[in-house]
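Good morning, everyone, and thank you for letting me take a few minutes of the meeting.

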Amino acid sequence: MSDLLTITEELQPIVWQEDKLLLLDQTMLPASEEWVTVHDAVGAVEAIRSMRVRGAPAIGIAAAYAMAIAARSIEAPTMPAFLGALDAQAARISAARPTAVNLGWAVQRCQDAARTCNTPGQAAARILALAQAMREQDIEANKAIARNGAALMPDSGGVLTHCNTGALATAGYGTALGVIRAALESGKRPRVFHTETRPWLQGARLTAWELARLGIPATLLVDSAAGALMASGHVAAVVTGADRIAANGDTANKIGTYTLAALAAANGIPFYVAAPFSTVDLNVKSGQDIPVEERPAAEVTSLAGQRIAAEGVAVWNPVFDVTPAGLIAAIITEHGVLRPPYETQLNSLARQPEVTEVA
């Protein structure tokens, strides 16, 4: 096991060490554990776009550190010149991926912090301190999400999850996978199922790797087997993460999530979403307004570098879909478990000072 993974007993895929940003390269897992050093904003954008770092919370933390690196590299004689250069870097970082709201949220916080400073040096130091604080806040938020969600998990029976929502998708511990982990740590004994999650196979590659590392037995299934599994009576709950939650509770998450929610509703199974409040975007009224990223066709037509589809075939490759709020039994946040109607609760929560400070 890599030396970096033994810095703490917990898996933390984003590390600031000796003034360098190190990311556990998730495109190489589970075959090998390799770390990427990010030297500048260009490298950060590449890491995010190439999915070396992925998962909404992790993307946000990586973006904050990228802003810190950018701020330290800017040579400007005045604060206006510094802020202009920083804003240009922020625009590049924010555009890396469109759906995860945590990306723009983190970058904007760094820009706001810089504007409270008197000198470029002070601004660079403040952004780095903010990035480090955001990383720690994310870990604590994830642990709170896990505690809040564990009570919703069945004492036995099956729990199905999708994509990867563990420590790899965050600064540490995880969201939906953290809920499952906390349930097991509390003494519950649900059977864990997880999808492979085409086309990047985050479930088969990453979730399986994390669960094995934690010593949690789990069963992998192809995405299209989820309906049959639910109909068999072996699933008591479904829990996923989120990349953006609209003001009405509609939720964007990895493609296939909407399918799972609809299948859960058809089979009378509660469908839960676990996400930090930073994933909530009150500026977006509903899921119809959430931008959905589409990625290259090669991700679907090829697997591990080998073409698997006929030449010339047309491809539609959305990375996310939107689950209507009406299919979500509860949204699990670090501030508590929210029940429908979500719009009232989300707005009320956003007005609380302690929540505004974090988000």
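I will go from the whole chain to a few single residues.

First, a word on where the values come from. This is a predicted model, in which local features need a pLDDT of at least 70 and side-chain atom pairs count only at pLDDT 80 or more, while totals for chains, interfaces and linings use all residues. Residues are numbered from 1 along each chain as its sequence is written, and side-chain values use heavy atoms, with hydrogens and water left out.

Let us begin with the overall picture. The secondary structure of the protein chain comes to 12 helices and 16 strands, where helices (H or I, at least four residues) and strands (E, at least two) are DSSP runs, numbered from the N terminus. The radius of gyration of the chain, taken over C-alpha atoms, is 20 Å, close to the 21 Å that the globule rule (2.2 Å times the number of residues to the power 0.38) gives for 359 residues, so the chain is as compact as a globular protein of that length. Its C-alpha atoms fill a box of roughly 65 × 50 × 40 Å, taken along the principal axes. Of the 359 residues, 56% count as buried, and buried here means under 20% relative accessible area, whereas exposed means over 50% and partly exposed lies in between, with a 1.4 Å probe and protein chains only.

Now let us turn to single residues. Asp281 lies in strand E11, residues 280–281, and at 10% relative accessibility Asp281 counts as buried. Which side chain does Asp281 join by a polar contact of 2.8 Å? The partner is the side chain of Arg244, a polar contact being a pair of N or O atoms within 3.5 Å; within protein, one must be able to donate a hydrogen and the other to accept it, and residues adjacent in sequence count only if both atoms are side-chain atoms.

Thr251 is buried, with a relative accessible area of 1%, and, not counting residues up to four places away in sequence, Thr251 touches several residues, including Arg244, Ile245 and Asp321, where contact means heavy atoms within 4.5 Å. A polar atom of the Thr251 side chain also lies 3.0 Å from the backbone oxygen of Gly249.

Glu334 sits in the loop between strand E15 (330–333) and strand E16 (336–338). Glu334 is buried yet has no salt bridge, and the nearest side chain of opposite charge, Arg109, is 9.4 Å away; a salt bridge is a side-chain nitrogen of Lys or Arg within 4 Å of a carboxyl oxygen of Asp or Glu. A polar atom of the side chain of Glu334 does lie 2.9 Å from the backbone nitrogen of Phe277.

Finally, some backbone geometry. Most residues other than glycine have a negative phi, and most peptide bonds are trans. Against that background, the peptide bond from Arg198 to Pro199 is cis, with omega near 0°, and Pro199 is found in the loop between strand E5 (191–195) and helix H7 (202–214). Thr197 is found in the loop between E5 and H7 too, with a positive phi near 70°, and at 0% relative accessibility Thr197 counts as buried.

Notes
Lys, Arg positive; Asp, Glu negative; His and termini not counted.
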